Amino acid sequence: MNLKLRLERLTDGRSWARLHFPDGTTLTGRVLRIGADYVEIESYGEADKPQKREYSKHLVPLSLIKFITIESSSFAEAERRRLDYTSQMEVSNETADSMPELER
């Protein structure tokens with residue numbers, strides 16, 4: 001099965017994947033969309049940089065991807081970070097919604 005077909009199957013379930021690049025770097029995130037020659041992936045920070053964990057979306061050309069890792073024990077931690085991030089966003093939205101219109 002080629003890389004693009006496998007990524008399309010991951011997109012259906014918004015599954016986690018780790019993209020590996022020829023220079024040895026990786027990007028871990030949820031696969032959102034596959035285009036004609038790119039993959040869109042959302043990331044919530046890398047484990048090797050805990051002080052710089054933040055949400056970001058990436059458009060990665062398929063030609064840059066060397067291979068992918070589909071199942072990894074670190075994906076559970078990445079999912080926890082995603083849930084923490086979304087819960088913080090919900091809390092901040094709720095506090096903004098509870099303020100009267102004049103105070104905003």
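The model is a predicted one.

**The helix**

Keep α1, residues 3-12, and pick out its buried positions, which are L7, L10 and T11. Look down the helix axis: these buried residues fall within an arc of 105°, so they line one face of α1.

Next, show T11, which sits in α1. Is T11 buried or exposed? With a relative accessible area of 16%, T11 counts as buried, because the cut-off for that class is under 20%. Setting aside neighbours within four places in sequence, T11 is in contact with V31, L32, R33 and I34.

Move to N2, in the segment before α1. Its relative accessible area is 45%, so N2 is classed as partly exposed. Display its side chain and the backbone nitrogens that follow. N2 caps the N-terminal end of the helix, with a side-chain oxygen 3.2 Å from the backbone nitrogen of K4. The N2 side chain also reaches the backbone nitrogen of L5, at 2.8 Å. Then go to the other end, where α1 is followed by R14, a residue with a positive phi near 50°.

Select β2, residues 26-34. Seven of its nine residues are buried, which leaves the strand mostly covered.

On one side is β1, which runs antiparallel to β2 and is joined to it by five bridges. To see one of them, select W16, whose bridge partner in β2 is R30. The hairpin of β1 and β2 has five residues between the strands, and in this hairpin G24 takes a positive phi near 95°.

β3, residues 38-43, is also antiparallel to β2, and four bridges join the two. Here R33 has E40 of β3 as its bridge partner, while I34 stands opposite V39. How many residues lie between β2 and β3 in their hairpin? There are three.

**The nonpolar core**

In soluble globular proteins, nonpolar side chains tend to be buried together. The largest nonpolar core in this model has 14 residues. Those with the most contacts inside this core are L7, L19, V31, V39, V60 and I65. Elements giving two or more residues to the core are α1, β1, β2 and β3, and β2 gives the most, with three.

End on L19. Which residues does L19 contact, leaving aside its neighbours within four places in sequence? They are L7, T25, T26, L27, V39, I41, V60, I65, F67 and I68.

Technical notes: Residues are numbered from 1 along each chain as its sequence is written. This is a predicted model: local features need pLDDT of at least 70, side-chain atom pairs count only at pLDDT 80 or more; totals for chains, interfaces and linings use all residues. Side-chain values use heavy atoms; hydrogens and water are left out. Buried means under 20% relative accessible area, exposed over 50%, partly exposed in between (1.4 Å probe, protein chains only). A polar contact is a pair of N or O atoms within 3.5 Å; within protein, one must be able to donate a hydrogen and the other to accept it, and residues adjacent in sequence count only if both atoms are side-chain atoms. A nonpolar core is a set of buried Ala, Val, Leu, Ile, Met, Phe, Trp, Tyr and Cys residues joined through side-chain atoms within 4.5 Å. Contact means heavy atoms within 4.5 Å. Two strands pair if DSSP finds at least two bridges between them. The arc is that of the directions from the helix axis to the C-beta atoms.
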